[in-house]
Protein chains: 2
Amino acid sequence: MVSEQVSYAYEKDPAAIYRQSFSIVRAEADLSALPSALHPVAIRLIHACGMIDVPQDLVWSGDLADAARSAFARSAPVFCDVEMVAHGLIRSRLPIGSNVVCSLNDPRVPDIAQRLGTTRSAAAIDLWADQLEGAVVAIGNAPTALFHLLENIAAGGPKPGLILGFPVGFVGAAESKEALIANPFDIPFLTIRGRRGGSAMAAAAVNGLAAGLPEEA
Amino acid sequence: MVSEQVSYAYEKDPAAIYRQSFSIVRAEADLSALPSALHPVAIRLIHACGMIDVPQDLVWSGDLADAARSAFARSAPVFCDVEMVAHGLIRSRLPIGSNVVCSLNDPRVPDIAQRLGTTRSAAAIDLWADQLEGAVVAIGNAPTALFHLLENIAAGGPKPGLILGFPVGFVGAAESKEALIANPFDIPFLTIRGRRGGSAMAAAAVNGLAAGLPEEA
């Protein structure tokens with residue numbers, strides 16, 4: 001039987017896989033444009049998507065690393081636009097007490113979306129209000145969620161402690177991230193220009209800022 | 001106040017966003033190498049990651065579209081290596097009765113991983129055995145999970161109805177997908193060569209094969 005002859009040789013040790021992965025990323029990626037405080041998060045972002053050229057499209061505010069350190073030191077809640085982001089967070093590496101919130105499947109969301117004439121992802125933002133001040137926001141899917149968050153802030157709503165903006169795709173994604181980059185609200189941010197992004201990158205941004213890399217833990 | 005002057009113009013209608021997105025992908029992507037039965041899934045894959053050049057790295061077996069149609073007609077279960085894939089599936093577009101299973105957080109997994117000397121992602125595969133024959137498997141993260149699945153099949157274990165192989169990253173990802181492409185077990189598959197992949201693409205593969213695109217629903 002042909003199946004008897006098949007065997008596979010591959011690395012099985014989780015710690016070795018992590019170590020080799022981050023080592024390859026460090027060897028291949030050009031991180032020279034990033035401050036050293038952001039190298040761990042950039043390495044996590046590259047690791048999450050398999051693309052070495054991610055750093056060329058990253059944009060961040062000068063106070064991002066400090067803002068992240070401060071937010072996680074306070075065990076600030078982490079708000080996510082979609083469940084995929086929430087499920088990509090390494091909970092054991094978040095500070096004890098950090099609350100992870102995704103409101104997309106809250107039963108109130110469809111009514112809010114209909115009333116506002118927008119997506120459920122954007123409507124879900126309105127349920128964050130009372131905990132949003134100083135919180136960590138990770139947007140990994142919906143441009144409308146990032147736009148609506150900025151709208152709420154423009155209207156005088158609570159200001160997150162930092163925004164990790166990684167909407168992906170072809171309609172509004174690049175534009176929503178440019179709006180984040182241009183935001184006049186002095187909110188620290190990290191984002192990736194263009195169409196790339198996604199929930200894995202948004203989760204990696206949280207993981208990288210919350211706890212760096214395994215080798216440094 | 002500066003915030004009073006800020007406003008954002010963007011598309012808010014979910015149906016219009018989908019329509020425009022898929023229209024841009026159709027206009028920009030070169031799908032000529034793919035059979036027409038796979039255009040919807042290719043468009044979903046591009047849409048999920050924001051990268052028009054995905055089709056150049058896609059590899060599939062000739063019987064993939066038929067195998068997917070057959071599996072979903074039987075309401076075959078969908079096995080996922082990580083929760084992010086499971087949470088990326090559009091449940092309303094799967095056949096009624098389709099069971100979505102991710103075993104990664106099953107309490108038995110750490111012991112199995114330790115006994116086998118492998119990752120939790122790979123160990124979780126061993127809990128699928130009794131439902132795996134003819135099922136849909138979507139791997140969006142772990143090369144070790146894809147390798148271990150192929151090992152189990154080589155050892156005479158149950159054969160899935162189709163394998164959607166999208167491990168991502170730098171250690172074993174490309175190799176595990178080449179092993180899938182070279183598999184001698186006649187299992188229908190879809191995969192992407194190289195380091196790219198991830199849970200959003202694995203979920204998009206299921207969504208695209210199960211139900212095509214919204215405009216065609």
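1. A:Arg69 counts as exposed because its relative accessibility is 52%, on a scale in which buried means under 20% relative accessible area, exposed over 50% and partly exposed in between (1.4 Å probe, protein chains only). Its partner A:Asp66 counts as exposed at 51%, and the closest N and O atoms of the salt bridge between A:Asp66 and A:Arg69 are 2.8 Å apart; a salt bridge here is a side-chain nitrogen of Lys or Arg within 4 Å of a carboxyl oxygen of Asp or Glu. Both residues lie in helix α3 (residues 64–73) of chain A, three residues apart, which is about one turn of the helix. Helices (H or I, at least four residues) and strands (E, at least two) are DSSP runs, numbered from the N terminus.

2. This is a predicted model, in which local features need pLDDT of at least 70 and side-chain atom pairs count only at pLDDT 80 or more, while totals for chains, interfaces and linings use all residues; side-chain values use heavy atoms, with hydrogens and water left out. Residues are numbered from 1 along each chain as its sequence is written, and chains are lettered from A and ligands numbered from 1 in the order in which they are written.

3. Over all chains, a search of the whole structure finds 14 salt bridges. In chain B, the side chains of B:Asp106 and B:Arg108 meet in one of them, at 3.0 Å from N to O. In chain A, A:Asp53, A:Asp57 and A:Arg196 are joined into one network by salt bridges that share partners.

4. Between chain B and chain A the count is four salt bridges. One of these pairs B:Arg195 with A:Glu28, with 2.8 Å between the closest N and O atoms; B:Arg195 lies in the loop between β6 (189–192) and α10 of chain B and A:Glu28 in helix α1 (residues 14–28) of chain A, so the pair joins two chains. B:Arg195 counts as partly exposed at 28% relative accessibility, and A:Glu28 counts as partly exposed at 41%. Another salt bridge links B:Glu151 to A:Lys12, where the closest N and O atoms are 4.0 Å apart.

5. Which secondary-structure elements of chain B each supply at least two residues of the side that touches chain A? They are α1 (14–28), α2 (39–49), α4 (83–88), α8 (143–154) and α10 (199–211), and α1(B) gives the most, with seven residues. That side of chain B divides into 24 nonpolar, 14 polar and eight charged residues, where Ala, Val, Leu, Ile, Met, Phe, Trp, Tyr, Cys and Pro count as nonpolar, Asp, Glu, Lys and Arg as charged, and the others, Gly among them, as polar.

6. The area buried between chain B and chain A is about 4000 Å², of which carbon and sulfur atoms give 70%; buried area is the accessible area (1.4 Å probe) that two parts lose on being put together, summed over both. B:Tyr8, B:Met84 and B:Phe170 supply 19% of the area that chain B buries against chain A, more than any other three residues. In terms of contact (heavy atoms within 4.5 Å), 46 residues of chain B meet 46 residues of chain A.

7. Chain B is superposed on chain A, with an RMSD of 0.0 Å, by a rotation of 180° with 0.0 Å of shift along its axis, and that is the relation of a two-fold axis. Of the residues of chain B, B:Met84 comes closest to the rotation axis, with its C-alpha at 2.4 Å. The same surface serves both copies, since 100% of the contact residues of chain B recur in chain A.

8. Is B:Arg44 buried or exposed? B:Arg44, which lies in helix α2 of chain B, counts as buried because its relative accessibility is 5%. Leaving out residues up to four places away in sequence, B:Arg44 touches a set of residues including B:Tyr18, B:Phe22, B:Arg93 and B:Asn207.

9. Two residues deserve a look at their backbone. Most residues other than glycine have a negative phi. A:Asp186, however, has a positive phi near 60°; A:Asp186 is found in the loop between α9 (173–181) and β6 (189–192) of chain A and counts as exposed at 67% relative accessibility. B:Ser75 has a positive phi of about 50°, lies in the loop between α3 (64–73) and β2 (78–80) of chain B, and counts as partly exposed at 23%.

Terms used: Least-squares fit on C-alpha atoms with pLDDT ≥ 70 in both.
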